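Please read the following report alongside the sequence and the coordinates. It moves from single positions to the fold as a whole.

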Amino acid sequence: MDKIRKIILILSSILLFVFITHNFYLFIHGKKLVLKREYKGIITGIKIIKGNRGLQDIQINNQWMSLGILDSKVKHYIQVGDSIVKESGTKMIKV
């Protein structure tokens, strides 16, 4: 019985380590993607998709794109007709 408990404890520890490592990797990878992301143009449409945590989709240059969590800091300041610029390598969004 003790041997089974030790095996379960070891497997649980390994799974927890893998889970934490994987989530950390996804977090770092996501931050890199946000920094790489680049867009600029005139906002021609704004919509909120139900179940999308209140995050907006905006239409720029006839293409719809989702504002991510970090991009959503401008959601209260944008309107249709506004110019928006996000340069690669920076987190700053200019409206």
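Val74 is buried, because its relative accessible area is 8%, where buried means under 20% relative accessible area, exposed over 50% and partly exposed in between (1.4 Å probe, protein chains only). The place of Val74 is in the loop between S3 and S4, the strands being DSSP runs (E, at least two residues) and the helices likewise (H or I, at least four residues), numbered from the N terminus. Once residues up to four places away in sequence are set aside, Val74 touches Ile84, Ile93 and Val95, a contact being heavy atoms within 4.5 Å. From C-alpha to C-alpha, Val74 and Asn62 are 20 Å apart in space, although 12 residues apart in sequence.

This is a predicted model, in which local features need pLDDT of at least 70 and side-chain atom pairs count only at pLDDT 80 or more, whereas totals for chains, interfaces and linings use all residues. Residues are numbered from 1 along each chain as its sequence is written, and side-chain values use heavy atoms, with hydrogens and water left out.

Ser72 also has its place in the loop between strand S3 (63-66) and strand S4 (83-86). With a relative accessible area of 14%, Ser72 is buried, and, leaving aside its neighbours within four places in sequence, Ser72 is in contact with Leu55 and Leu67.

Which residues make up the largest nonpolar core? The core has 10 residues in all, namely Tyr39, Ile43, Ile58, Ile60, Met65, Leu67, Val74, Ile78, Ile84 and Ile93. A nonpolar core is here a set of buried Ala, Val, Leu, Ile, Met, Phe, Trp, Tyr and Cys residues joined through side-chain atoms within 4.5 Å. Strand S1 (39-48) and strand S2 (56-60) each supply at least two residues of this core. Met65, one of the core residues, touches Arg37, Tyr39, Gln56, Asp57, Ile58 and Ile60 when residues up to four places away in sequence are not counted.

Trp64 has its place in strand S3 and, at 40% relative accessibility, counts as partly exposed. Not counting residues up to four places away in sequence, Trp64 touches Gly45, Ile46, Lys47, Asp57, Ile58 and Gln59. The C-alpha atoms of Trp64 and Ile4, which are 60 residues apart along the chain, are separated by 54 Å.

Thr44 lies in strand S1 and counts as partly exposed, at 44% relative accessibility. With residues up to four places away in sequence left out, Thr44 touches Gln59 and Val80. Thr44 and Gln59 are 15 residues apart in sequence, yet their C-alpha atoms are 5.4 Å apart in space.

The loop between S2 and S3 holds Asn61, and Asn62 has its place in the loop between S2 and S3 as well. Most residues other than glycine have a negative phi. Asn61, however, has a positive phi of about 55° although it is not a glycine, and Asn62 has a positive phi of about 65°, again without being a glycine. The table gives the accessibility of these two residues.

| Residue | Relative accessible area | Class |
|---|---|---|
| Asn61 | 52% | exposed |
| Asn62 | 70% | exposed |

Taken along the principal axes, the C-alpha atoms of the chain fill a box of roughly 70 × 30 × 20 Å.

Of the 95 residues of the chain, 20% count as buried. Among contacts between residues at least 6 apart in sequence, 41% join residues at least 24 apart. The chain exposes about 7,600 Å², of which carbon and sulfur atoms supply 64%, with accessible areas coming from the Shrake-Rupley method with a 1.4 Å probe.

The chain has 16 positive and 6 negative side chains, and the centres of the two sets lie 7 Å apart. Lys and Arg count as positive and Asp and Glu as negative, while His and the chain ends are not counted; the place of a charge is taken as NZ of Lys, CZ of Arg, CG of Asp or CD of Glu.
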